[in-house]
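Subject: A structure for you to look through

Hi,

Here is the structure I promised to pass on to you. Please open it beside this email and follow along as you read.

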Amino acid sequence: MSSQAHASKHDEPAAVSDGHESKAPGCATPSPNAVPQGSRRLDFAEFLRGVLARHAANVAISLAALLVGLVFWHVATHTKLNVYINFENVPPPLRVGEAFMVHLADPEFYIHIAVSMRRILTGYLLATALGVITGVLMARSRVARAFVYPYIEILRPIPAVAWIPLAILMWPSEESSIVYITFLGALFPIVLNTLHGVEQTPEVLVRAAKSLGASRLQIFWHVILPAALPSIAAGLAIGMGVSWFSLLAGEIISGQYGIGYFTWNAYSLINYPDIVVGMLVIGGLGTLSTYAVKLAMQPFLAWQRRAR
Amino acid sequence: MNTHVVSLREHARDRRSGTRNAGRGQIEIRNVSIHFGRGHDAHPAVMETTLDIAPGEFVCLLGPSGCGKSTLLNSMAGYVKPSSGTVLVDGEAVSGPGPDRGMVFQQYSLFPWKTIRDNIGFGPKLAGRGYAETDSVANTFLEMIGLTKFADKYPAELSGGMQQRVGIARALANYPSVLLMDEPFGALDAQTRLMMQESLLATWSAFSTTVVFVTHDVDEAVFLADRVLIMSAGPGAIIADLRVPLDRPRAADMATTPQFMQLKKQCLDLIRAESLKAFEQQNR
């Protein structure tokens, strides 16, 4: 029973902006005996089993869907399907798989991945630090907000690709211009979500903290930051996705390494299976790193999942 | 439960004797007016109010919604600055919120990301008490409100009544001289509310803190208070100051005694007259 509640919460982490909304208006009758104390480990096993049971059907459906896609891909390339979209030059899945296996044994492939990861990590961490600080400042100071907002509004819609020429001109090296573009992609969602989260801090909690003797800094640390955390976590997850998006744009046009470069280079060399290998690796890494961000945030949001 | 109350009483006394005299918690409100908005939108919420509350007194501010009773309370808490006049607590002008005046809100004021223990221990922790002392204060209060079993739960896992017990314990953990309560039981169901009222009185008798309790519930005001102050609507002003002639400790069955009924009727008549006046003003 309780594992079900956990599981359903688990499906929507971080998207909830305000923990209070999930509270029933004081009518839930807690059962002190339902969850004996000191059984968190047991809870977790139960929780995992619940998740698996609940998700088994979904996983089966998802796998079947992927299989359908693969079969279609195979058939379409095999028959050189050409109905407006042309499959003639699309590499079939089996050849992509072969190419992927070959690359797995090639050290250079890992260099491409490592370089991309390093760029992501640098740009993303910078964006996280600057984004959270900027978001908090904007939410807490009218002047800061009025000052920064126009920049955000103007710069945010500019796609990463459009930055490339100027970034190359501005930054001393190709590497730094790529990291810059990555950073920029992650920055805006993080800033906006932080701003939103801080603004949503219930005033009553700030008042409560004041009357308990909290200083401004203590209010920030104990009230505003935790209240904004679900929203910040959502921003961090979105930012990670966008930062991959931007990185690829940067790597395709400049750079000598990186998985984006690998993909574009494969096109230049008319090595079509590698294009798809590159794309799939990008997709996989993007998903994995977004998942890693969510996982890293989970301990800080435990209070949210415990709410029934 | 009783033994806890006794030990708490000693605890509270120990605290107090060391620092200041026993007569802490005196509130003096002098010609306080509070206006909201500016220019054309300006409207008075509280008008020229003067009021004295003695140390250890339990006072209820009673009135229809929008009469400014919460605003007056907030001026004692320090959340609202009077437009004119002064609010003194123990002779000092209130200039902002502080741990000497504990505040209990209507609902959802616990920190959802802190466990029950950490919510209660937050005040002592902010006051710079060590980990051990914070923990021991938290445990004392957890026992007092009977929620030791829930110490490591988060607020959302508790019922509304339990959450309010924690809210009161959290405010008291600072051993404030004044406890300000803004319709703390307003969101609870009738049964829970009665129990909360009784347990509040038991707690209060142990702490002998001054309590200012805002409510629009006549029964609640009469049952709890030493004095019931009735406020009129727009602009807010105290129109009656009634002493409650009931003995202490109060028991639930006092609600059917003639004294109770008589005072209740008096309150209701006053409030009804005020409401009618407000209603007529609106329709003119």
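This is a predicted model: local features need pLDDT of at least 70, side-chain atom pairs count only at pLDDT 80 or more; totals for chains, interfaces and linings use all residues.

**The six-stranded sheet of chain B**

Let's begin with the open sheet of 6 strands in chain B, which has mixed pairing and the order β6-β7-β8-β3-β9-β10. Its edge strands are β6 (101-104) and β10 (237-243) of chain B, each of which pairs on one side only. On average, neighbouring strands here are turned by 20° against each other, if direction is ignored.

Now look at β8 (residues 210-215) of chain B. Strand β3 (residues 58-62) of chain B runs parallel to β8(B) and is joined to it by 5 bridges.

How many of the residues of β8(B) are buried? The count is 6 of the 6, so this strand is largely enclosed by the rest of the structure. In a regular strand the side chains alternate between the two faces of the sheet. In β8(B), B:Thr210, B:Val212 and B:Val214 are buried on one side, and B:Val211, B:Phe213 and B:Thr215 are buried on the other, so both faces are covered.

A helix belongs in this picture too: α8 (residues 258-283) of chain B lies across β3, β9 (227-232) and β10 of chain B, and runs at about 170° to β10(B).

**The four-stranded sheet of chain B**

Chain B also has an open sheet of 4 strands, antiparallel in its pairing, with the order β2-β1-β4-β5. At the edges stand β2 (43-53) and β5 (92-93) of chain B with a single partner strand each, so one side of each has no neighbour in the sheet. Strand β1 (residues 27-36) of chain B pairs with β4 (residues 84-89) of chain B over 5 bridges in the antiparallel sense, and B:Glu28 stands opposite B:Leu88 there. Helix α2 (residues 69-77) of chain B lies across β1, β2 and β4 of chain B, at about 120° to β1(B).

Is B:Ser159 buried or exposed? Its relative accessible area is 14%, so it counts as buried, the cut-off being under 20%. B:Ser159 and B:Leu188 are 29 residues apart in sequence, with 9.6 Å between their C-alpha atoms.

**Helices of chain A**

In helix α6 (residues 160-170) of chain A, the residues A:Ala160, A:Trp163, A:Ile164 and A:Ala167 are buried. Seen down the helix axis, the buried residues fall within an arc of 130°, so they line one face of α6(A). An α-helix has 3.6 residues a turn, so residues three or four places apart point the same way. A:Pro165 and A:Leu169 are exposed on the other side of α6(A). Among the elements covering its buried residues are α5 (142-155), α7 (174-199) and α9 (216-253) of chain A.

Two of these helices also meet: the axes of α5(A) and α7(A) come within 11 Å and cross at roughly 140°, so the two are oblique to each other. Their contact includes A:Tyr149 and A:Ile152 of α5(A), along with A:Phe188 and A:Leu192 of α7(A).

Enjoy exploring!

Definitions and conventions: Residues are numbered from 1 along each chain as its sequence is written. Chains are lettered from A and ligands numbered from 1 in the order in which they are written. Side-chain values use heavy atoms; hydrogens and water are left out. Buried means under 20% relative accessible area, exposed over 50%, partly exposed in between (1.4 Å probe, protein chains only). The arc is that of the directions from the helix axis to the C-beta atoms. Contact means heavy atoms within 4.5 Å. Two strands pair if DSSP finds at least two bridges between them. Axes are lines fitted to C-alpha atoms, for helices over the stretch in contact, and angles run from 0 to 180 degrees between N-to-C directions. Angles under 35 degrees count as roughly parallel, over 145 as roughly antiparallel, 65 to 115 as roughly perpendicular and the rest as oblique.
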